[in-house]
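This report looks at a few helices and a loop position, and at what surrounds them.

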Amino acid sequence: MFPSTSTEALNAESYFQCRRLPSGCLVQDMPDGYSKVTWVEHTEYDASGVHQMFRSYLSSGLGFGAQRWLATLQRQCEYLATLMSPSIPNEDQIAVSLGGRRSLLKLAKRMVDNFCAGVCASTVRKWDKLRVDNVGEDVRVMTRKSMDDPGEPPGIILSAATSVWIPVSQKRVFEFLQDERLRSEWDILSNGGPMQEMVHITKGQRHGNHVSLLRAGSMGANDSSTMLILQETWTDSSGSMVVYAPVDSAAINVVMHGGDSAYVALLPSGFAIVPDGSSQSGYLSGNNESTSGASVKGEGDDSGGSILTVGFQILVNSLPSAKLTVESVETVNNLISCTIQKIKSALSGPSA
């Protein structure tokens with residue numbers, strides 16, 4: 001699949017046929033101040049063009065089904081409610097002002113948006129797809145130049161992403177990846193030890209939906225030389241996500257005091273986890289009686305397997321005019337392969 005080292009525009013890539021037929025939602029005010037949303041989703045796609053790994057996921061309704069978009073809508077509403085709240089719930093070990101917590105939430109949202117744009121090859125930014133020898137055919141490798149963007153470091157950015165099936169439920173994979181105490185089992189940024197959570201901002205009512213600021217090692221809380229990691233995690237009936245990015249301690253200190261987060265440069269990496277569709281567990285049974293945030297049936301189900309998508313964005317050269325090297329591509333490919341193997345090994349153990 002990768003006969004040579006070259007680039008091609010993503011818009012030249014062929015996609016399997018998929019079209020969205022008349023779909024939409026009805027929103028009704030409820031007397032308790034909530035809204036009742038009825039969503040109808042009608043999608044047609046060519047199943048023969050779908051990778052074998054995703055066929056059960058799509059045929060079960062998990063991929064294009066209306067409840068996926070309802071879960072997304074609810075998550076966004078919870079984010080906005082948290083952002084506008086006069087008192088944002090937190091469990092901070094260091095002092096963070098209300099304005100600082102709002103700035104951290106906005107920074108985390110930008111981080112997640114950029115992660116998704118990299119994994120999905122969004123048209124928001126122009127990516128060039130690489131065809132490289134000695135890289136697994138299921139790994140998508142892309143590159144682009146970053147210039148004059150205060151939210152990113154300048155230079156050549158490399159993005160690598162792949163999806164793998166794991167015989168472990170979405171819930172268990174998510175709980176493992178979002179636990180800072182277990183981070184050393186897969187993350188080279190942990191320096192071989194557990195991460196310490198310095199800031200914890202809860203988003204919504206579900207356990208696991210929060211923004212965190214993590215610190216590697218056990219150095220003092222006022223040590224500005226320690227590396228900090230901004231992380232957002234969320235999980236619901238549509239899937240789960242763990243996204244993180246190393247951040248400069250001086251820049252993040254400004255944000256925690258209410259400063260503008262748009263000038264914090266970061267490159268996100270992380271994971272998206274969806275059920276593989278083998279255990280629907282009532283997902284399509286229409287159990288959405290409550291409009292007050294109750295769980296959708298099947299959410300948190302601890303059966304079936306899951307599809308794990310891993311994505312990394314890495315600055316390989318700080319000069320936008322530099323040439324991308326084969327060694328840089330091999331490095332990020334090895335990183336993604338090593339991370340997947342560590343995750344599989346950890347989840348196959350008796351404590352997983």
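Contact here means heavy atoms within 4.5 Å. The model is predicted.

Under that definition, the cover over the buried residues of helix 1 includes strand 5 (43–45), helix 2 (66–84), strand 8 (155–166), strand 13 (269–275) and strand 14 (306–317). The buried residues of helix 1 (residues 52–59) are Met 53, Tyr 57 and Leu 58. These residues lie on the same side of helix 1, because the arc they cover around the axis is only 105°. Gln 52 and Ser 59 are exposed and sit on the face turned away from the buried side of helix 1. Just after helix 1, Gly 61 has a positive phi of about 95°.

The axes of helix 3 (residues 98–119) and helix 5 (residues 249–256) come within 7 Å and cross at roughly 125°. Helix 3 is therefore oblique to helix 5. The residues that meet are listed by helix.

| Helix | Residues in the contact |
|---|---|
| helix 3 | Gly 100, Ser 103, Leu 104, Leu 107 |
| helix 5 | Ile 252, Val 255, Met 256 |

By class, the contact of helix 3 with helix 5 has 5 nonpolar, 2 polar and no charged residues.

The loop between strand 14 and helix 6 (326–347) holds Leu 319. Is Leu 319 buried or exposed? Leu 319 counts as exposed because its relative accessibility is 51%, and exposed means over 50%. Leaving aside residues up to four places away in sequence, Leu 319 touches Gly 155 and Ile 156. Leu 319 and Ile 156 are 163 residues apart along the chain, with 6.7 Å between their C-alpha atoms.

Definitions and conventions: Residues numbered from 1 in each chain as written. Predicted model: local features only at pLDDT ≥ 70, side-chain atom pairs only at ≥ 80, totals over all residues. Heavy atoms only, no water. Axes fitted to C-alpha atoms, helices over the stretch in contact; angles between N-to-C directions. Helix = DSSP H or I, 4+ residues; strand = E, 2+ residues; numbered from the N terminus. Parallel < 35°, antiparallel > 145°, perpendicular 65-115°, else oblique. Nonpolar A, V, L, I, M, F, W, Y, C, P; charged D, E, K, R; others polar. Buried < 20%, exposed > 50% of the residue type's maximum accessible area, 1.4 Å probe, protein only. Arc of directions from axis to C-beta.
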